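Here is a short report on one protein model. Look over the structure first, then read on.

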Amino acid sequence: MTTVNAADDRRNLEEAIALASNCTPKPTSFCVGATIVDADGVVLATGYSGQNDLHEHAEEAALNALDDAGRARLTNATLYTSLEPCSKRASRPITCTEHILRAGIPRVVFALSEPDLFVDCVGAETLRAAGVDVIQFEDLADAAWSANQHLGR
């Protein structure tokens with residue numbers, strides 16, 4: 001397994017944050033981007049909120065975009081997401097945190113802790129408790145929030 005360094009993490013997270021600009025802003029949801037990268041730095045899939053369906057979250061879109069070969073490489077992958085993966089959802093029964101755990105992704109990097117606008121999120125805490133390596137780049141939180149100006153602050 002290739003070692004990921006902070007510069008690679010930052011670059012990959014910035015790419016996930018940029019994907020959020022593809023979202024259509026809605027008053028009831030966050031604009032989020034996600035990228036899944038394997039241990040060798042190869043992007044396996046990307047996604048953003050609402051990409052294929054109004055209720056689809058970014059992490060879900062990226063996971064749905066994987067082919068069989070990409071799915072086989074998830075055990076050494078990192079999921080980069082602009083917003084902390086959700087741990088509660090009104091629109092669907094399976095949260096992004098559950099999707100990540102079911103997929104076997106061992107590492108998650110995010111920028112912005114989910115504000116409590118819609119639900120009380122404990123995604124990072126839940127992932128850590130399950131043994132996932134979770135890293136937050138708090139200095140990129142404002143960049144992640146920039147796609148969500150429609151929600152106020």
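## Strand S1

Gly33, Thr35 and Val37 point one way from S1, while Ala34 and Ile36 point the other way. In a regular strand the side chains alternate between the two faces of the sheet. All five of these residues are buried, where buried means under 20% relative accessible area, exposed over 50% and partly exposed in between (1.4 Å probe, protein chains only). S1 covers residues 33–37 and is mostly covered. Strands here are DSSP runs of E with at least two residues, helices are runs of H or I with at least four, and both are numbered from the N terminus.

This is a predicted model: local features need pLDDT of at least 70, side-chain atom pairs count only at pLDDT 80 or more, and totals for chains, interfaces and linings use all residues. Residues are numbered from 1 along each chain as its sequence is written, and side-chain values use heavy atoms, with hydrogens and water left out.

## Partners of S1

Two strands pair if DSSP finds at least two bridges between them. S1 and S2 run antiparallel and are joined by five bridges. Isoleucine 36 sits opposite alanine 45 in S2. The S1–S2 hairpin has five residues between its strands, and glycine 41 there takes a positive phi near 85 degrees.

S1 also runs antiparallel to strand S3 (residues 78–83), with four bridges. Threonine 35 faces tyrosine 80 in S3.

## The whole sheet

In what order do the five strands lie? The order is S2-S1-S3-S4-S5, in an open sheet with mixed pairing. Strands S2 (43–48) and S5 (133–136) stand at the edges; each has a single partner strand, so one side of each lacks a neighbour in the sheet.

Strand S4 (residues 107–112) pairs with S5 in the parallel sense, over four bridges. Phenylalanine 110 stands opposite glutamine 136 in S5.

## Two buried helix residues

Asparagine 12 belongs to helix H1 (residues 6–19). Its relative accessibility is 4%, so asparagine 12 counts as buried. Contact means heavy atoms within 4.5 Å. Leaving aside neighbours within four places in sequence, asparagine 12 is in contact with Thr35, Val37 and Tyr80.

Glycine 123 belongs to helix H5 (residues 123–129). Its relative accessibility is 0%, so glycine 123 counts as buried too. With the neighbours within four places in sequence left aside, glycine 123 is in contact with Glu84, Pro85, Ser87 and Thr97.
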